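Me: I would like to learn how to read a protein structure. Can we go through one feature at a time?

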Amino acid sequence: MISQFLIAAPTSGSGKTTIARGLMALLRGKGYKVQPFKCGPDYIDTKFHEAVCGRPSINLDTFMATPEHVRELFAHYGADADVCIVEGMMGLFDGYSRDRGSSAEIARETDIPVVLVVDAKSAAYSMAALLQGFISFRPSTRFAGVIFNKVGSPRHYQMLQQVCEDLQIACFGYLPKSACLEQGTRYLGLDFSEQPDNTLLTELLEKHVDWRRLLQQTAPRDEVNITRPFILPPPAQRLSVLIARNAESFSFIYQEVIDSFSSVEFFDPEQDVPDFSGIDLLYLPGGYPEKHLDALERNEAARKAIKDYAEHDGRIIAECGGMMYLCRSIVTDDSCPSGCPMCDVLPYSITARTADRKLSLGYRQFQLDGKSFRGHEFHYTQFMGDVPKSVAQVYNAVGEPVDTPVLRYKNVLASYTHLYQI
């Protein structure tokens, strides 16, 4: 292991995703084996990471997993890497309760330093006050240095370097202001339907960032931390699973969940008919099924097979988009104003119409059959009409009740909640 660090920022929108992706691409282009990680319950940034690094990006989250398990994940998936890069979420100290669950907590638990990405647009020496506050706020958070973003000119950068000199913190470089580096967005986050071309980004980083110094100053302090074993579930709890997978309509799933099953097969609900031979569980993860209703409707054989499987007591877990697919229909403004038929396992209709959009966002937890479940919810679609009755009371991260329903039909468990562990 040569280097391991976390890329964070004072606020969202500072450029940490751009710089994280760019450094991953740059270092992989230099021949390093780069293992990506993402703080929090994020499925979208991890797709950019995987495309750049050629290996799955792993989520680290101290609400959905214990700190010990987070350390095990970091050690296990980073064991054969030259460089581990963790992309933070939101602002460095933003968590579900003050700084609990924040990127700073992940950095402390994994004992890695923070590289702070700072949007320097329209500021110069005032950056000293901001940086001093972040550096001194939690002494247990180690800072390796700073990368400035949206720098207007070489003279502007010289002024920012003076800030770092006065604060005695490393300045690794900067990215110049450039409209070409802006990434398109979609209503649930970054648009991952097309992977961006990283050529310009890596050229700018190589020119303006001292990546060799960054690697030197982020070497691991304790080699033991990267050799700790990874604990999988006991064999009796491990399953043979069939997972719906498509680039967009069924794509939100944690790599750790996939790796915890004893065997995994995939099928595309837009094109394939599932074969349930030897399968213990059908797993329908979330995604954007409302963007692909024509293809899902055309594959009537797949929908019928899933309904038959459910009616014959087949075990199914369906999350968010997967739950929508199990419903009677999905209604949209354009292609399906009267509702496109889905699997009809659950007797509800989902609306994706613009007028019905409502953001539901946050961590979720509930108890069911003596087992604790944790996950998160992030969607705009809603049930048409009254919200169905839930088989469990769902709470947010601080224990307040929310009206997210957990649905059960025979051996089907479905909800808008994306579960962290099955």
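Me: Is leucine 413 buried or exposed?

Reply: Start with the cut-offs. Buried means under 20% relative accessible area, exposed means over 50%, and partly exposed is in between, using a 1.4 Å probe and protein chains only. Leucine 413 has a relative accessible area of 14%, so leucine 413 is buried.

Me: What kind of model am I looking at, and how are residues numbered?

Reply: This is a predicted model, in which local features need pLDDT of at least 70 and side-chain atom pairs count only at pLDDT 80 or more, while totals for chains, interfaces and linings use all residues. Residues are numbered from 1 along each chain as its sequence is written, and side-chain values use heavy atoms, with hydrogens and water left out.

Me: Where does leucine 413 lie?

Reply: Helices (H or I, at least four residues) and strands (E, at least two) are DSSP runs, numbered from the N terminus. Leucine 413 lies in strand β23, residues 412-415.

Me: Which residues does leucine 413 touch?

Reply: Contact means heavy atoms within 4.5 Å. Leaving aside residues up to four places away in sequence, leucine 413 touches Ile316, Ile317, Ala318, Leu368, Val406 and Leu407.

Me: How many disulfides does the structure hold?

Reply: A disulfide is a pair of cysteine sulfur atoms within 2.5 Å. The structure holds one. Cysteine 336 is joined to cysteine 340, with an S to S distance of 1.4 Å. Cysteine 336 counts as buried, at 3% relative accessibility. Cysteine 340 also has 3% and counts as buried.

Me: What about cysteine 53?

Reply: Cysteine 53 is in no disulfide. The nearest cysteine sulfur belongs to cysteine 84 and is 10 Å away. Cysteine 53 is buried, with a relative accessible area of 5%.

Me: Next, salt bridges. How many are found?

Reply: Side chains of opposite charge can pair when their charged atoms come close. The rule is a side-chain nitrogen of Lys or Arg within 4 Å of a carboxyl oxygen of Asp or Glu. A search of the whole structure finds 18 salt bridges.

Me: Which residue pairs with lysine 30?

Reply: Lysine 30 forms a salt bridge with glutamate 206, and their closest N and O atoms are 2.4 Å apart. This pair links distant parts of the chain, 176 residues apart. Lysine 30 is in the loop between α1 (16-29) and β2 (34-39), while glutamate 206 is in helix α7 (residues 199-208). Lysine 30 counts as partly exposed at 35% relative accessibility. Glutamate 206 counts as partly exposed at 38%.

Me: Is aspartate 99 buried or exposed?

Reply: Aspartate 99 is buried, with a relative accessible area of 11%. Its side chain meets that of arginine 108 in a salt bridge, 3.8 Å from N to O. Arginine 108 counts as partly exposed, at 27% relative accessibility.

Me: Now helices. How do α1 and α2 pack?

Reply: Axes are lines fitted to C-alpha atoms, for helices over the stretch in contact, and angles run from 0 to 180 degrees between N-to-C directions. The axes of α1 and helix α2 (residues 45-53) come within 9 Å and cross at roughly 15°. Angles under 35 degrees count as roughly parallel, over 145 as roughly antiparallel, 65 to 115 as roughly perpendicular and the rest as oblique. So α1 and α2 are roughly parallel to each other. Their contact includes Met24 of α1 and Phe48 of α2.

Me: How are α3 and α4 arranged?

Reply: Helix α3 (residues 67-78) and α4 pack at an angle of about 70°, with axes 9 Å apart. That makes α3 roughly perpendicular to α4. Pro67, Val70, Arg71 and Phe74 in α3 meet Ile106, Glu109 and Thr110 in α4.
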